[in-house]
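Hi,

Here is the structure I promised to pass on. Have a look, and my notes follow below.

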Amino acid sequence: IKKIGVLTSGGDAPGMNAAIRAVVRSCAYHGVGCAGIFRGYQGLIENDIEDLDARSVRNIISRGGTFLKSARSNEFKTPEGRKKAYDNLKAAGVDALIVIGGDGTFTGGLLFEKEHDFPVVGIPATIDNDISGTDFTIGYDTALNTVVEAIDKIRDTASSHNRLFLVEVMGRDAGAIALNSGIGAGAEEILIPEEDEGIDRLISSLKKSEKSGKTSSIIVVAEGDKSGKNIFELAEFIDSTLGGYDIRVSVLGHIQRGGSPSCFDRVLASKLGVGAVDAVLDGKRNIMIGIHHQKVITVSLETGIKGEDKFDRDLRRVADITSI
Ligand code: ATP
């Protein structure tokens, strides 16, 4: 291996910069070249490639987002697009590719690897923590801290006015952000996509809270929850079913993706970046680097894409007990 390419793709996540930095510096450490590919697979197709050295990544470990930029590329979903990408990598002298992103990024990487017999190693980075084969993805811890901080602020205003706040958090089909931030911020109820008893739970929980003398409530709702109602319809439903509440809705949105990465995410990204370069140099391919019980591990890209249910049932019990 003479030169390793690195790109970020799909939704951005805090800590991607720290992962790029670790990859670039690991290449420098081992004396192999490193090429930064801008704008993900689309930039690869458009030959937006630049050589990077250890100094190219100074002062980025603390910055959110990704300095290589990210993009979604429909062209990479076609064999013609992937052929262009392959030709550009060859012309740049790149002989292995490290892709930092989520399951879509890995799906594209796997196809590319099979079609062109080109080594691809994935690093899981998404705030949703919905990648199988790793305990944590880069960006998840930072997003949790951002959400908890936001809900703490909402609680201040909720308790000053005896209000019921519905707070929508990200996570697509995974309730990890909702469940963990809900516990961390002391939410009264948490609606997650992994369960579909949402509305009934919510109504009975609100009735109980009222009886037990709670004066303000925070309900955390995952964006993919199974209530079949969006958060505004949910607020109307509670109002028409129970009445008597001053209900407010807050959709946290993209602030959850931004911000300086937490120390946990910086260290995780550094470990996974170093692990990815080690794996490439060991001749491993078609794999994703993950973390399990604090140790860096490798699993197949197929495992990462599977998206198996990581829902922690014990955590739901903790939420139920602590919100009594
Ligand atoms: P996030 O989890 O944050 O959304 P992601 O990596 O899953 O990140 P996607 O937009 O799903 O984000 O995928 C990123 C890119 O990977 C796509 O824009 C596309 O270029 C490529 N990709 C996704 N699915 C495929 C596929 N089936 N075939 C080829 N390329 C794909």
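Before the sheets, a word on terms: two strands count as paired if DSSP finds at least two bridges between them. Helices (H or I, at least four residues) and strands (E, at least two) are DSSP runs, numbered from the N terminus.

Please keep in mind that this is a predicted model, where local features need pLDDT of at least 70 and side-chain atom pairs count only at pLDDT 80 or more, while totals for chains, interfaces and linings use all residues. Residue numbers start from 1 along each chain as its sequence is written.

First, the sheet of 4 strands. It is open, with parallel pairing and the order E7-E8-E6-E9. Its edges are strand E7 (189-191) and strand E9 (246-251), each pairing on one side only. From one strand to the next the twist averages 20° (axes are lines fitted to C-alpha atoms, for helices over the stretch in contact, and angles run from 0 to 180 degrees between N-to-C directions). Strand E6 (residues 163-169) runs parallel to E9 and is joined to it by 6 bridges; phenylalanine 165, for instance, has arginine 248 in E9 as its bridge partner.

Helix H6 (residues 176-184) lies across E6, E7 and strand E8 (217-222), at about 160° to E8. Helix H8 (residues 231-242) touches E6, E8 and E9, and its direction makes about 170° with that of E9.

Then there is an open sheet of 7 strands, ordered E3-E2-E1-E4-E5-E10-E11, with mixed pairing. Strand E3 (49-51) and strand E11 (295-300) each have a single partner strand, so one side of each has no neighbour in the sheet. Here the twist averages 30° from one strand to the next. Strand E1 (residues 3-8) and strand E4 (residues 96-101) run parallel, joined by 5 bridges, and isoleucine 4 has alanine 96 in E4 as its bridge partner. H4 packs on this sheet, touching E4, strand E5 (120-124) and strand E10 (287-292), with its direction at about 175° to that of E5.

H4 (residues 103-116) also turns up at the ligand, where it gives the largest share of the shell, 6 residues. In total 17 residues surround the ligand, the closest being Gly10, Gly11, Gly102, Gly104 and Gly108 (near means a C-beta atom, placed from the backbone, within 6 Å).

Cheers

Methods:
Contact = placed C-beta atoms within 7 Å.
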